[in-house]
Amino acid sequence: MSEKLHIAQNLEDALLFRKENDCIVMAGSSDLMVSAYQGYGALPKFDKPVLLIRNLEELIGVRRNSDGTVEIGACTTSRQIVESPDTPWVLKQAAGRMGAVALRNSATIGGNIANASPKGDTPGPLYLLDAVVNVMSLDGGRRSIPIRDFIIKFRTIDLKNDEIITSVTIPVSDKDMTYWFYHKIGTRAANAISKLTLCACAKVSWGEVKDFRIAATASGPVTNRSRDVENIAIGLKFDELAAKASEISGAFDKVISPRAMPEFRREATRRMIEFFIDKVSKNSYKKFYN
Amino acid sequence: MTIEFSLNCEHVSIDVDPTKRLLDVLRDDFGLTGVKEGCSEGECGACCVLLNGQLVTSCIIPIAGVHGQDVRTIEWVRTTRLGETIIQSYADGGAVQCGFCIPGMVMASYYLLSNNPNPTKKEIRKGISGNMCRCTGYDLIVESIYLAAKRVGELHKARG
Amino acid sequence: MADMRNDKARKDAISKASGRETYVGDLSLDGMIYACLVRTSVPRGIIKSITLPPLPDGYYYFDDRNIPENGRNELWMIQKDWKCFAAGSSGYVGETIGILCGPDRTLLYSLRDQIKVEYEEQTPAVSIEDSLALVGGPIIGENNYHCTVELQAGDGDIDEIMKNAYRVVEEKFSTGHQEHMHLETNGMMVNYEDGKYVYYASCQCPFYIRKSVAGIIGATPEDIIVRQMSTGGAFGGKEHFPDVVAGPLILAEYYLKKPIKLIFNREEDTQFSVKRHPSVVKFKTALDRKGNILAMDSIVYYNAGRYLASSYIVIQRGCMHIEGVYKFPVARTRGYSMATNTFPSCAFRGFGAPQTIFAVETHMTHIAEKLGVDPVEYKRRYLIKQGDTTITNGKIVENVRTPELIEKVCKASDYFEKSRKYGFGSGKGIGFSLYNHGGAFTGNGESAIIKAVVKVCKRKDGTVLIKAGQTEMGQGFSSAVCRIAAKTLGIPYEKVIYKYPDTSVVPDSGPTAASRSTMVPGNLVMKACEELKARWDEADELECEAHYEHPEGYPWDQASFQGYAYLGYGWGACVVEVEVDPRTAETKIKGIWSAHDVGNCIDPLIVHGQVNGGIAQGIGWASTELLENKGGYFKQHSMSDYIIPTSMDLPAQEVYYANEPYKWGPYGAKGMGELVFNGSGAAYVDALSRAINRKIDSIPNPTEVIMGHILHSEKLTEDKR
């Protein structure tokens, strides 16, 4: 082990170190430092060298691309995501409810994705928004992977040993959908870990449901979304939706697989889906729901 | 590894294991014991410091993360006008019981009032929601921060 | 009663808020090394072998095999059953096997993790039900009883009354483990100074530590000095538990004679420290045709864990509070402190009273609902008053102002209007509870066991130093006692000095526990100051002392638990309003109103803070603070999975008083630190039950449990009143 920890000077330096070392990439460090903790006054324990990228300016910021998509740098903190006018509402909700003030100043979206925790705050909205994870390796190697493929399974991501997550691209903006829903049931009112989070959106045009999406987190080993379930709603007239509510929630119930508190998680998921469908089916003027 | 940073407005340099927690460096190497360890996982806020002006929990940041950055602790905040006012208001308002969470709470109050000099009580509750207190039930802390805001406002008014 | 507070803040506020206060973790001595405990990892079993890794120079391991010949492997709390070291068997997960010491903590913990312990595992009894069923065979005695209590008051054969009653209401209530979660974990440092073992400790009771650990190395309490450090919260968790930390440390110090610091990390503090007793309380209440209570019979089980610790007293206090603030014609209770293979339960704010008060309050509420009477109206019919006989067949000595407390909280909260309007199952609910807490040690404990002494010293510079064993742990004693002295002496508050106790300097004025510090030692300070004032001009330096004397005419027999259990109670009423999200079962607390009789507020702001904090902890206990024990292992281990309230979980509280000055307290003050915990849980559960129209008979109630109630529990009432 050459270096225990390397502070990346710039992206190229980071990619170089990454290529030459089997290492742990650390951004906001809020998850990695906790799992490495050994006890009061002891050094954290890492079994590989650490590559620290938290202060790489190239990886910080929220910007709108010319094609209308929004790109968020991997080391952008939750606070920066919340404060940006370009952040989609549903993601802003999630970032704003991550931990509390101080954590939101450390935790990054790249870290939250890489952690691939079933209780992570940002994956839900990112699944809903069909976000794409952009990764890079030295010598210009780039890949863009849909989030649902990037998070392979519980705590496992599709990131090669020489790659770094650089950003996420979000193709859907608030105006693309007619209705949005986000609700996190946390362990408490603030500073909470998710017991269950549901986000959803729907596009209604000329009275017809053109798009309909549901994503649930903490309801299984990874965030749950199912196009098959969503297709039950798509194509219906908005006022036909109410009659399909229990069919949709029932179909979604088969998609989720909560391990702990299964009854609660299934019941609350069902109720939240039916609540959202009720709002959509009434074609009301309100756009955002919690 | 040699880590250099600005600590409470002074340039410091220290040869240290780069993974060592900022919290441990502040307490063990610089004797800044106003920074407390409560939970060791970024949850309770007792170890809050300002990193480049942003409130962070120092227990989940490796010292390497502050290389070239600006760190301020309660030991600096207590020397500022705003910090002093907050501390005095905490005392006058009965916000302090066992006191273990309080330096971190003062840091959160300082961060809140720096960014929002006239917070509502609801905003205050949100501002300190990452700082856990087991003694007070938070009411008198909220009131004390509100009092501090008023006092700072009066100071500014007096100065014209 | 005049407000004794001037505009000066509490003594420790600025030092604490500015980060200058020294807690034990902040203390550093030359040559200091560190220690950690090596613990068992099975709830019940025989330790077959302990294999250490090679220890580098400067690293040491000690366990029971290192105890000197004249020493004993026991901690002395009430009994001496709690072993300092596991010595061959594990009775719970986290029992101390040994202590490991060395200079570098990273290496120290790594060495600890390399220690291999082989067990022959046995089947543990974890719950009260397990213990009653003697799962895995008895842990102690023949029936797993650490101790029992039986109390009865009123005329008539209770079994006969039950038989002849128009109706008998039977209910069972249960509560779970609760973790103190003081922000400062347990910790202490030991050092050998001038031939004495000196502790620097985060603790409530310095004299307890001395007594408890001296025998381990065959020393006497006088060979030990305990210096309390600023203590970052305790709530009972640092009453006896510091003995468990101090024991292994004194053995290490016996050999090493250098400063050794041991600080628990949060995970250790959550999993391997004492807890509030889980409880099961069963009632059988006989009613006549009109719904009047004829008799109330109850059985109380507390899960005490493997060792007795303070459970002997906890179960007694629980049973003595079984009638709550009420008087029933006939009452009987039988209490059992059950041995299990969990970490021993011990003191926690309320000390056994909250569990029975939650049970009796909820039971009374359910009876009222069943009869179609508003619970407040129903409860009013049974309020105990001055001169009434208690369950220990003593009398209530003081004027009881519960009717005023009820009036105040109901008016402030608009209880009756909301109770009517919200009804049952509307998603909104308002709940109510009444509670009390007997101040100081039970019965004649203050005179028979504690025999408190305090001293006050006039010094050359005109300041007066308080010498008492009472600790400051956040509750405000250091300021309250100075206000008492200042008022009595007629000198400024700034001239009175309190210092964290050092057992070599202060007399033993008893533990800082049982809501006794202001009430009893505080009163002794007043008396000593009265003498000092009278003799003020005698000399530049002068010391006066006062000894506790129990008031005449209030007998107590500890063998039969008969007589005057408490001379002064604190009394309280609490209203909680909640709103439950029908979709998700999430609960938001909309309002908290409380009214208390604390005798007199020596420092109203400190009392206010105690009320706020106690109520918040009670609500945490009843709502989110789930601490599960599966197979002997606590499932929660951190501040992110053991859920205490944040500032966003609680609304601003409204606080009222109707104070009845206490005859034997300083300026009328009586105990209040525990009182304020005792009732908010029941009020919260009442509000929640009404909001969802479901019977709730257990604590805690995190969101998923509430959803479970909505889906499965019995309705509270069919009536949509």
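These are my notebook entries on a predicted model with chains A, B and C.

**Entry 1. Confidence**

I looked up the scores before anything else. The model has an ipTM of 0.98 and a pTM of 0.97. For chain C I noted a mean pLDDT of 97, with 99% of its residues at 70 or more.

**Entry 2. Chain C against chain B**

I then went to the contact between chains C and B. It involves 45 residues of chain C and 40 residues of chain B. On the chain C side, helix 1 (13-17) and helix 16 (604-622) each supply at least two residues. Helix 16 of chain C has the largest share of that side, eight residues. By class, I found 17 nonpolar, 20 polar and eight charged residues on the side of chain C that touches chain B.

**Entry 3. Strand 23 of chain C**

How many of the 12 residues of strand 23 of chain C are buried? I found that 11 of them are, so this strand (residues 569-580) is largely enclosed by the rest of the structure.

I checked its pairing next. Strand 16 (residues 428-438) of chain C runs antiparallel to strand 23 of chain C, and 11 bridges join the two. Within strand 23, C:Tyr569 stands opposite C:Gly438. Strand 23 of chain C also pairs with strand 24 (residues 587-597) of chain C, again in the antiparallel sense, over 10 bridges. Here I noted C:Val575, which stands opposite C:Trp593 in strand 24.

Strands 23 and 24 of chain C form a hairpin, with six residues between them. In the turn, C:Ala585 has a positive phi of about 70°.

**Entry 4. Domains of chain B**

Chain B divides into domain 1 (2-75) and domain 2 (78-159). Taken over C-alpha atoms, I have 22 Å between the centres of these two domains. The contact takes 14 residues from domain 1 of chain B and 12 residues from domain 2 of chain B.

Which elements give two or more residues to the side of domain 1 of chain B that touches domain 2 of chain B? They are strand 3 (48-51) and helix 2 (74-77) of chain B. Strand 3 of chain B gives the most, with three residues. I sorted this side of domain 1 by class and got nine nonpolar, three polar and two charged residues.

**Entry 5. Domains of chain A**

In the contact, 20 residues of domain 1 of chain A meet 20 residues of domain 2 of chain A.

On the domain 1 side, helix 4 (89-96), helix 7 (123-128) and strand 8 (151-153) of chain A each give two or more residues. Helix 7 of chain A supplies the largest share, five residues. The classes on this side of domain 1 come to 11 nonpolar, four polar and five charged residues.

**Entry 6. A sheet in chain A**

I traced an open sheet of five strands in chain A, with the order 4-5-10-6-7 and antiparallel pairing. Strand 4 (62-64) and strand 7 (141-146) of chain A are the edge strands, each pairing on one side only. From one strand to the next the twist averages 25°.

Last, I looked at one pair inside this sheet. Strand 6 (residues 132-137) and strand 10 (residues 164-170) of chain A run antiparallel and are joined by five bridges. A:Val132 has A:Thr169 in strand 10 of chain A as its bridge partner.

Notes: Residues numbered from 1 in each chain as written. Chains lettered and ligands numbered in written order. Predicted model: local features only at pLDDT ≥ 70, side-chain atom pairs only at ≥ 80, totals over all residues. Contact = placed C-beta atoms within 7 Å. Helix = DSSP H or I, 4+ residues; strand = E, 2+ residues; numbered from the N terminus. Nonpolar A, V, L, I, M, F, W, Y, C, P; charged D, E, K, R; others polar. Domains from an automatic or database assignment. Pairing = 2+ DSSP bridges. Axes fitted to C-alpha atoms, helices over the stretch in contact; angles between N-to-C directions. Buried ≥ 20, exposed ≤ 12 C-beta atoms within 10 Å, placed from the backbone. pLDDT = per-residue confidence, 0-100.
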